[in-house]
Amino acid sequence: MTNTDSDNSREWAAEAYALLKKRQEEQKKEEQKKEEQKKEEQKKEEQKKEEQKKEEQKKEEQKKDLIDSVSKENIPGLSKTVVEPELGEFDDNFTWSAMVLAAQGKKINQISLDEIDWLTKLRRGLEETRKGFVTELLDKLGDDPLTPESLDDLETLLIRADVGIGTTDKVISALRTKLNEEVLGGEAGIKFLKKELKLIIDKPILNSGTDLLVPKKGKLNVWLLVGVNGVGKTTTLGKLAYLSSSSNYKTLIAAADTFRAAAVEQLKVWGERSNVDVISNQSKNADPAAVVFDAINSAKKRNVELLLVDTAGRLQTKNNLMDELAKIKKIIDKKVPDAIIESLLVLDASQGQNGLKQAKSFAKSANLSGAIITKLDGTSRGGVSLAVSEEVNLPIRFIAAGEGIKDLRPFNSYEFVEAMLADK
Ligand SMILES: Nc1nc2c(ncn2[C@@H]2O[C@H](COP(=O)(O)OP(=O)(O)OP(=O)(O)O)[C@@H](O)[C@H]2O)c(=O)[nH]1
Ligand SMILES: [Mg+2]
C-alpha cells in the first residue's frame, strides 16, 4: 500500500467508524424508545389489572402466571444467548480492520460490526504467530534491505511458526529468486511474502473450483465434521449451524458422536442457540450410522438444505474411526444419491505439526474435501494453515478464533495473510 492509499484508507476507516457509531446510536435510541413504550404498556396493563383484580381475582392470577413465564423466556442468558458485538474505540484495531475491508473493495455502507469484530479477533489471535516472525524479522532488518543471511533467519522463523519445511522451502526459494532480480527492503519483503503465502493457500481452493463453500440451494447438502478428539468438531458444528440458519438455509444437526456421553447434550445447547433441531439417539452405544439414517429421513421430510453431522473423535483405533466414516457415507449415498457431501477435517491450530500429521493420515483414508482450522486465537502456530494447504492439499473452508457462536467465519485468504503478517 502506498502512503496515499493508506491515508485514503484511514480517512475511509474514520468515515466507516462514524457511520457505524451513528447506526449504533440510532439503534440504541430505537431500543430505548421501545423499552419506554414497553414500560408504558406494562404500566397501563398493571393499572388495568388492578381495576379488574377485585372482580376477577382468580382469573387474574392465572393470567399473571402466564405473563411471568413468557417474560422469563426473554431474559438473556437463560436461553438462546448470542452476544452481539459492541462498537469499541476508534483505535488502531478498528482502522486496521476497516482498511482490510476497504482493500477488498467493500463500500462504507456495506461493512458490519460483525466483520470488524471478527477481523479484530483474528488479528489479535494471530499475534503470537506474527510476533514469531514478522516482528522479529523487521527488528532484525531495521531499515536494511533483505540479504541471503536474513533469508536464513526468515527460514528459521517460518519453521518455528509451524509453516512446515516443504512450505518454508518454497517461500524462501521464491524470495531468493526475487532477491537475485532486485533489492528488497523489509517492507517490500513482507509484501512479497504475503503474496507468496496467499498463492500457497489459494492453490487448493482454486483447484476445488469453489471459492466459497456454501450449501447448494434446492439440494440436500451433508457436511461431515471429522477429526481427532478435542479439536473442536462439536463447537464448530454449533457455530456452522448458527451461520447457516441465520443465512436462511434450512438446517438440521445429526448427533452421530454416540461415543461420548455428553456429546448429544452439548449439541442440543448449540442447536437451541441457533434454532436448529438435533436428531439423536440417546441409547448407549447407538450406531452412528443409524443416527445419520434417521437424520436423513427427517431432512428429506423437512426439505432440509444443510445437514451437519457431528462425528466421534475418540474411537479406540483409527481404523475403527475410518470404518465408521465409510459406513456413514455409504448410508448417505444409498439414501440420497444426489446429496452433496463435504467431509471437512477439523484441525486445532495450536497442535501445530502434530495436527498436520493427523491431517495427512485422515486425508489418506477419509476422502476429505476441505479443512476447518480452529483455535487460531492465542496460538503461535497459526502457520500450520499454510502447511495444510501446501502439504495436504486441502482447501481451508472456515476458520475459528474463539469459543463464541460468532467466532467462526468462511475462510478468506487475503484477510488471513494480512492478519498473520500485519506489521503493527
Ligand atoms: N479458544 C478456542 N477454543 C475452542 C475453539 N473451538 C473449540 N474450542 C474449545 O475446544 C474444546 C473442545 O471442543 P469440542 O467442540 O468439544 O471438540 P470435539 O472435537 O467435538 O471433541 P470430542 O467430541 O471430544 O472429540 C472446548 O472447550 C471448546 O470450547 C476455538 O476456536 N478457540
Ligand atoms: Mg465432539
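Helices (H or I, at least four residues) and strands (E, at least two) are DSSP runs, numbered from the N terminus. The model is predicted: local features need pLDDT of at least 70, side-chain atom pairs count only at pLDDT 80 or more, and totals for chains, interfaces and linings use all residues. Residues are numbered from 1 along each chain as its sequence is written, while chains are lettered from A and ligands numbered from 1 in the order in which they are written.

**Figure 1. The chain as a whole.** The secondary structure comes to 15 helices and eight strands. Of the 424 residues, 40% count as buried. A residue is buried if 20 or more other C-beta atoms lie within 10 Å of its own, exposed if 12 or fewer, and partly exposed in between, with C-beta atoms placed from the backbone. Two residues are in contact if their C-beta atoms, placed in that way, lie within 7 Å. Among contacts between residues at least 6 apart in sequence, 78% join residues at least 24 apart.

**Figure 2. The largest nonpolar core.** A nonpolar core is a set of buried Ala, Val, Leu, Ile, Met, Phe, Trp, Tyr and Cys residues joined through C-beta atoms within 7 Å. The largest one here has 101 residues. Ala 98, Ile 253, Leu 307 and Val 309 have the most contacts inside this core. Helix 3 (residues 92-103) gives the largest share of the core, seven residues. Leaving out residues up to four places away in sequence, Val 309 touches Val 222, Trp 223, Leu 224, Leu 225, Ala 254, Ala 256, Val 292 and Ile 328.

**Figure 3. Helix 7 against helix 14.** Helix 7 (residues 165-181) and helix 14 (residues 384-391) pack at an angle of about 90°, and their axes are 8 Å apart. Helix 7 is therefore roughly perpendicular to helix 14. Helix 7 makes the contact through Gly 166, Thr 167 and Lys 170. Helix 14 contributes Leu 386, Ala 387, Glu 390 and Glu 391. By class, the contact has two nonpolar, two polar and three charged residues. Ala, Val, Leu, Ile, Met, Phe, Trp, Tyr, Cys and Pro count as nonpolar, Asp, Glu, Lys and Arg as charged, and the others, Gly among them, as polar. Axes are lines fitted to C-alpha atoms, for helices over the stretch in contact, and angles run from 0 to 180 degrees between N-to-C directions. Angles under 35 degrees count as roughly parallel, over 145 as roughly antiparallel, 65 to 115 as roughly perpendicular and the rest as oblique.

Figure 4. The buried residues are Val 384, Ser 385, Leu 386, Ala 387, Val 388, Ser 389 and Glu 390. Asn 393 follows the helix and has a positive phi, near 65°. Asn 393 sits in the loop between helix 14 and strand 7 (396-400). Asn 393 counts as partly exposed because it has 13 C-beta neighbours inside 10 Å. Asn 393 and Gly 370 are 23 residues apart in sequence, and their C-alpha atoms are 8.9 Å apart.

**Figure 5. The shell around ligand 1.** A residue is near a molecule if its C-beta atom, placed from the backbone, lies within 6 Å of it. There are 21 residues around ligand 1. Asn 229, Gly 232, Thr 234, Thr 235 and Gly 313 come nearest. Helix 9 (residues 233-246) supplies the largest share of the shell, three residues. The shell divides into four nonpolar, nine polar and eight charged residues.

**Figure 6. Two loop residues with positive phi.** Asn 303 is not a glycine, yet its phi is positive, about 55°. Asn 303 lies in the loop between helix 11 (288-301) and strand 4 (306-311). This residue is exposed, with 9 other C-beta atoms within 10 Å. Lys 375, also not a glycine, has a positive phi of about 55°. Its loop runs between strand 6 (370-374) and helix 14. Lys 375 counts as buried, with 24 C-beta neighbours inside 10 Å.

**Figure 7. Leu 213 in its loop.** Leu 213 is found between helix 8 (186-208) and strand 1 (221-226). With 20 C-beta neighbours inside 10 Å, Leu 213 counts as buried. Beyond its neighbours within four places in sequence, Leu 213 is in contact with Glu 342, Gly 370 and Arg 397. Leu 213 and Gly 370 are 157 residues apart in sequence and 9.3 Å apart in space, C-alpha to C-alpha.
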